[in-house]
Structure formats: structure tokens, C-alpha cells
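Please look through this model and work out how its chain is arranged. The questions come after the structure.

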Amino acid sequence: MAALNAFIKNDNQQAMITQLHTLKRNIEERGAKADLENSFPAENFEDLLNIGYNKVTLPAAYGGLGFGIYDMILFQETLASFDAATALSIGWHLGIVGDLYDKKLWDDAHLEDFAKKIVNERALTNRILSEVITGSPTRGGRPGTNAIFSDGQWHVNGHKSFASLSYATTHYITSAWIPEKESIGFFLIPQQSNGLTIKETWDMMGMRGTASHDLIFEDVILPEDALVELNNKPRGAKVNGWALHIPAVYLGIAQAARDHALEFARTYKPNSLDFPIGQLPHIQEKIGQMELKLTTSRHFLYDVAQKFEDPKTHDYATGLLGAAKHVVVNNALDIVDIAMRIVGAQSLKTSNPLNRYYRDVRAGLHNPPMDDMTITKLATAALEEN
């Protein structure tokens with residue numbers, strides 16, 4: 001990934017990327033096995049916890065490593081090039097923690113307490129928002145999960161879907177409708193809570209290793225302070241630069257697909273040729289197309305991240321967060337497709353990594369924000385210009 005090196009700015013970034021590369025072989029092997037078996041590569045997350053990866057986006061003031069958005073996407077792109085399902089799973093944790101502490105979404109006591117869990121207990125979290133009856137929470141549907149306050153305790157009942165990282169998550173941030181407040185509340189629910197069950201429903205063609213199973217809450221009883229946040233708007237209405245961990249994953253897939261196809265083009269020499277196929281003009285044209293799309297995506301994504309973190313350009317970059325995801329994911333789809341055209345029918349083999357890249361990369365279309373929302377937002381902004 002020589003091209004990525006040009007985006008590394010300091011020794012701290014390089015140190016984390018170097019640590020990730022020490023885990024590369026094992027993460028790749030376990031990720032491939034999990035995809036084949038539709039299982040969960042739990043050891044990958046143990047390895048990541050051992051290098052403090054769950055602390056990457058926790059501010060240094062709370063005991064974390066204090067990395068920002070730009071740093072995070074560097075690390076996530078690298079990790080995703082090893083195994084996209086592992087990267088996407090832990091990416092939700094990184095983005096959520098970064099957003100929580102950046103915007104101080106909880107009160108100080110809750111932030112302090114959860115930081116201690118991350119640092120001392122190796123906590124991992126995810127926002128568990130999706131439900132079959134509501135679809136994507138970014139569309140504004142009210143949760144069917146309910147929370148009732150009775151006898152000084154919360155009683156939570158409901159059924160959630162797409163709970164990525166389900167097995168490794170230690171604390172679920174779960175949305176529920178609170179009738180007495182006529183508002184959506186977010187509850188911090190430990191995985192070991194009585195009445196909480198992981199229902200093994202995840203059977204998708206892509207991102208199989210994320211174990212994004214359903215969660216069932218049957219009269220889960222929580223203390224009063226388990227309510228950590230109230231929100232009357234759909235989560236998609238809140239600007240969140242930390243969500244750039246999503247396109248970073250799909251950029252990592254594109255890089256891995258490009259690398260595989262390039263190595264194939266350099267080494268594959270059918271008996272009809274006296275040289276590897278990489279010397280053929282039509283193969284070189286395809287490689288050039290991959291390079292252009294990969295370079296365009298990387299420059300766009302990292303530029304948006306950098307501008308978002310700069311107060312002088314923050315407002316401008318805010319309007320481009322969805323566009324960055326749109327450009328990267330759609331270019332990644334094209335890159336994987338071109339890579340498969342270079343490799344040919346061999347790319348369809350179950351044992352060929354391009355098979356998995358093809359299936360995994362398509363999941364990006366269904367991670368928020370969706371393409372139609374991004375395009376509409378860009379059009380509206382253009383029409384409202386003075």
C-alpha cells in the first residue's frame with residue numbers, strides 16, 4: 001500500500017499502522033475462514049484489543065490514544081485491506097466513541113464511567129438502532145423497542161436487527177421509545193443483562209464475519225442511570241464526521257482487490273503468450289482505470305476528513321461527508337469489478353479473495369448515508385446558494 005504512505009503525516013500514525021501490519025496474516029486468515037463458515041473471527045478482536053485499538057478515538061484526557069478522524073480512516077483503511085468485516089465491526093465502536101466524546105453527548109459522569117470501561121475493561125460498543133419494522137433509523141422511523149420506567153427501574157422490550165459486532169460488544173447503546181417522554185432514549189445495556197438474547201439471524205452474502213445478528217430484549221431491567229441520552233430527531237439528522245470510518249472500509253477493500261489483480265497481471269502467463277498478461281494493452285487500460293478511481297477516492301476522502309477537522313473549513317466539509325462516502329463506495333464497486341475482469345473466471349472461485357471482496361463491497365450501498373439522500377442533499381444545497 002505504497003500510495004497510502006503519502007497520507008501518513010506523523011510517527012504516531014505510522015506506529016499504529018505498523019502495529020496493525022503485525023496482525024495482518026492472522027486477521028486475513030481468520031477473516032476468510034469466518035466468511036466461509038458464516039462465523040465470527042473473535043480472535044481478531046482480541047488481537048486488536050491487545051494493541052489498544054478500542055482506545056484509538058477516546059481522547060487522551062480520558063485515558064485514550066486521542067486520535068482524530070483523519071487518523072482513524074488511515075487505520076481503518078489499513079485494517080479493511082486485511083479483512084473488511086473485522087474493520088467494519090470495530091469501526092462502529094471507533095466512530096461512536098469519537099462522536100460521543102467530541103460532542104459530549106452524555107453528561108460528564110457517564111462519559112467518565114464509560115471511558116474507564118474502555119480503558120480498564122476493554123469495552124466495545126455499538127449503537128443498536130435498526131429494526132425490521134422501521135428500516136434504517138436514518139429514515140426517521142420511531143423504534144418499536146419500548147422503555148417503561150417503573151419502580152425506579154427501566155424495563156426494555158423489543159427486537160433489534162443489524163447488531164454488528166454482536167458477540168464482542170460489551171455494552172450496547174440501544175434506542176427505545178419512551179412513551180412518558182414521547183421521545184427516543186438511548187440506553188447503555190451490558191451484554192450480560194438478564195433478558196437479552198443474541199438471535200443468530202445473520203445470513204448475508206457479504207460482510208458475513210460481522211455477526212450482525214438480531215438482539216431480543218425481553219423485560220431487560222436497567223437502573224435509572226442506564227438512560228444516557230435523549231434524541232427527538234433521527235440520527236441521520238446529526239452531522240457526524242466520525243462516520244467516515246465507513247467509506248474507509250470500502251476503500252480498503254478496493255485497495256486489496258487492486259493489489260490482488262495487479263499481482264495476477266504481473267505473474268500470470270498463459271501458454272498462448274510469451275509474457276505476463278500485464279503487458280497486454282487492454283489489461284493495462286483496466287489497471288489504469290483502477291488506479292484512477294482509487295487515487296480519486298483516496299484524495300477525496302482524506303481531504304474531506306482534513307477539512308472537517310480544520311475549524312476554517314469545517315462548515316464546507318460538513319456538506320461533503322455524504323459525498324465522500326458516495327464517491328468512495330461507488331468507485332470501490334467499480335474497482336472490484338475491474339479487478340475481477342482482469343483475473344477472469346478464477347475470481348469467482350470461493351477460495352479466491354476477489355469473490356469475498358465482490359460480496360463485501362456491495363454492503364457499502366446499504367450503510368448510511370444512502371446514495372439517494374446524499375444526492376438530494378447536494379442538490380438542495382446547490383439550489384439554496386446565494
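This is a predicted model: local features need pLDDT of at least 70, side-chain atom pairs count only at pLDDT 80 or more; totals for chains, interfaces and linings use all residues.

Residues are numbered from 1 along each chain as its sequence is written, and side-chain values use heavy atoms, with hydrogens and water left out.

Q: How many helices and strands are in the protein chain?
A: Helices (H or I, at least four residues) and strands (E, at least two) are DSSP runs, numbered from the N terminus. On that basis the protein chain has 13 helices and eight strands.

Q: What radius of gyration does the protein chain have?
A: The radius is taken over C-alpha atoms, and the globule rule is 2.2 Å times the number of residues to the power 0.38. For 386 residues a compact globule would be near 21 Å, and the value for the protein chain agrees: 21 Å.

Q: What share of the residues in the protein chain is buried?
A: Buried means under 20% relative accessible area, exposed over 50%, and partly exposed in between (1.4 Å probe, protein chains only). Of the 386 residues, the buried share is 54%.

Q: What distance separates the end C-alpha atoms of helix α7?
A: The expected span of a helix is 1.5 Å times one less than its number of residues. Helix α7 has 14 residues (108-121) and should span 20 Å; the distance between its end C-alpha atoms agrees, at 19 Å.

Q: Within what arc do the buried residues of α7 fall?
A: The buried residues of α7 are H110, L111, F114, A115, K117 and I118. Seen down the axis, they line one face of the helix, because they fall within an arc (of the directions from the helix axis to the C-beta atoms) of 155°.

Q: Which elements are included in what covers the buried residues of α7?
A: On the other side of α7, D108, A109, K116, N120 and E121 are exposed. The cover over the buried residues of α7 includes α6 (84-103), β1 (125-128), β4 (171-178), β5 (183-190) and β8 (227-231).

Q: Which residue has a side chain in polar contact with the side chain of K117?
A: K117 lies in helix α7 and counts as buried, at 18% relative accessibility. Leaving aside neighbours within four places in sequence, K117 is in contact (heavy atoms within 4.5 Å) with R122, A123 and H171. A polar contact is a pair of N or O atoms within 3.5 Å; within protein, one must be able to donate a hydrogen and the other to accept it, and residues adjacent in sequence count only if both atoms are side-chain atoms. At 2.7 Å, the side-chain partner of K117 is D113.

Q: Is F162, with its positive phi of about 55°, buried, partly exposed or exposed?
A: Most residues other than glycine have a negative phi. F162 is not a glycine, and its place is in strand β3 (residues 153-163). At 47% relative accessibility, F162 counts as partly exposed.

Q: What is the relative accessible area of A211?
A: A211 also is not a glycine and has a positive phi of about 50°. A211 is in the loop between β6 (196-199) and β7 (213-223). A211 is buried, with a relative accessible area of 3%.

Q: Where is P369 found?
A: Most peptide bonds are trans. The bond from P368 to P369 is cis, with omega near -5°. P369 is found in the loop between α12 (353-361) and α13 (371-383).
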